[in-house]
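Work through the exercises below with the sequence and the coordinates open. Try each task before reading its solution.

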Number of protein chains: 2
Amino acid sequence: MMEDAPMEDLSVCGYAWAPPFVHGLVRDLRVRWALREAELPYNMNYIAFGEHKSPQFLARHPFGQVPTFKMNGTELFESGAIVYAIGLRSEKLLPLDEEGRLRTISWMFAALNTVEPPISALPAQELANNDRGWARLSLPDEVAVIDERLSRLSDWLGQHEFLADRFTCADILMTTVLRELRSTDILEGYPLLAAYVRKCEARRAFKEALDEQIGGYLLNAPLAA
Amino acid sequence: MMEDAPMEDLSVCGYAWAPPFVHGLVRDLRVRWALREAELPYNMNYIAFGEHKSPQFLARHPFGQVPTFKMNGTELFESGAIVYAIGLRSEKLLPLDEEGRLRTISWMFAALNTVEPPISALPAQELANNDRGWARLSLPDEVAVIDERLSRLSDWLGQHEFLADRFTCADILMTTVLRELRSTDILEGYPLLAAYVRKCEARRAFKEALDEQIGGYLLNAPLAA
């Protein structure tokens, strides 16, 4: 079989199993989603949950985090950087012209350095809590910062279908960032953002990536759980 | 005069004045530093502090933040994206080979999505406080997350002179992130990190960018202050 370009050797490292409250949130989801949008075949590599702070894994990732991504022998880390590297291989994720590319990169950093930080500042137990009004009541200052960012983002998405001119890897990052709020009621105050997340989650590549991640966790669930 | 390449029209937008506790921290410093490392001439554009949330400025920057960067008519936002765009114009900041480039991008995202978020989660008044032990005493959980990230970073910099193979735009981002801790005593626990920051701050391009930012603020200080 003839190919236009040599097949690359791509592999993603994630957890074999993770506790249910992070299913669908662990960041290898971003990478699997991007690879499926780009229609690039990849292998999965797994480490045990907890093993990410072992000396062996720290030799692969300086901060001991998941995912890592191996591309023809080069190991990359940080989901934002990995999704960008995949974008460089597919016009479906990243425009070819410099202006479009740099606008997309602006939105990638906006997702990870402007919108995500105040969300990840909410304590993990807050995000895992089932009483969905709790965050707003118990952490009013923290939620106010999130509200300010989400209001601006909602204004933008009221006038634009996607962050850049069309669906790009910036939307992969922003959608997965907004999903981190799923156990709170914060997103309910922003119907345009909720609709944007639903629209991106309806993409086949997202659904396949999510099924793959959660299916793996269920398959590898500890017998005692 | 002959030039190898046409001169580009580059301009940075920052605050005309900002309150003293953020002098040397406002993020246009990253952009000015990168431009000076790359030896690219640029113009400065100023807005009044507070004007960044005006409808006029929000039309330029969806989140109403400083800096923005105009490059031949394209306006970019997010300091990470702007520094990357400058890196694409100078091998001094970003290696030309793909592997070196992707490693540098991994470290850029690590600075802004792994190291900076727990630091920016410290309340602003905490960072402005003069009692340098206060953060550690009053926010033990928040400081524990910072400590975990700084320990990993210190391990890396104990074995590497810079984040990537040599000084790159990732070091500009990481240095300015670590400077955000200056009013706390947290960095004192990491002599390798303190030395890394001092080494990067000793670069001529950093000193010129810092002088330019602070000099502008002093020149435009309100008479009443």
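**Exercise 1. Size up the interface.**
Find the area buried between chain A and chain B, and the share that carbon and sulfur atoms give.

Solution. 
- Buried area is the accessible area (1.4 Å probe) that two parts lose on being put together, summed over both. Here it is about 3500 Å². Carbon and sulfur atoms give 64% of it.
- A:Phe63, A:Phe109 and A:Asn113 supply 20% of the area that chain A buries against chain B, more than any other three residues.
- Now count residues in contact (heavy atoms within 4.5 Å). Chain A gives 41 residues and chain B gives 41.

Conventions: this is a predicted model, where local features need pLDDT of at least 70 and side-chain atom pairs count only at pLDDT 80 or more, while totals for chains, interfaces and linings use all residues. Residues are numbered from 1 along each chain as its sequence is written, chains are lettered from A and ligands numbered from 1 in the order in which they are written, and side-chain values use heavy atoms, with hydrogens and water left out.

**Exercise 2. List the polar links and the elements behind them.**
How many salt bridges are there between chain A and chain B?

Solution. 
- Apply the salt-bridge rule: a side-chain nitrogen of Lys or Arg within 4 Å of a carboxyl oxygen of Asp or Glu. The count is 4.
- Take one of them. A:Arg89 bridges to B:Glu98, with the closest N and O atoms 3.1 Å apart.
- Turn to polar contacts: N or O pairs within 3.5 Å; within protein, one atom must be able to donate a hydrogen and the other to accept it, and residues adjacent in sequence count only if both atoms are side-chain atoms. Across the interface, 19 residue pairs qualify, both residues at pLDDT 80 or more.
- Assign elements: helices (H or I, at least four residues) and strands (E, at least two) are DSSP runs, numbered from the N terminus. On the side of chain A that touches chain B, two or more residues each come from strand 4, helix 3 (79-87), helix 4 (98-120) and helix 7 (140-157) of chain A. Helix 4 of chain A gives the largest share, 16 residues.
- Because 9 of its 9 residues are buried, helix 3 of chain A is largely enclosed by the rest of the structure. Among them are A:Ile82, A:Val83 and A:Tyr84.

**Exercise 3. Follow the rings around B:Trp107.**
Which class does the pair of A:Phe77 and B:Trp107 belong to?

Solution. 
- Recall the rule: rings of Phe, Tyr and Trp (its six-membered ring) pair if their centres lie within 6.5 Å; planes under 30 degrees apart are stacked, over 60 edge-to-face, the rest tilted. The structure holds 18 aromatic pairs over all chains.
- The centres of A:Phe77 and B:Trp107 are 5.2 Å apart and the planes meet at 85°, so the pair is edge-to-face.
- This pair crosses between chains, from strand 4 (residues 74-77) of chain A to helix 4 (residues 98-120) of chain B.
- A:Phe77 is buried at 7% relative accessibility. B:Trp107 is buried at 3%.
- B:Trp107 also pairs with B:Trp156, tilted, at 5.1 Å centre to centre and 50° between the planes. B:Trp156 lies in helix 7 (residues 140-157) of chain B, 49 residues apart from B:Trp107. B:Trp156 is partly exposed, at 22%.

Conventions
Buried means under 20% relative accessible area, exposed over 50%, partly exposed in between (1.4 Å probe, protein chains only).
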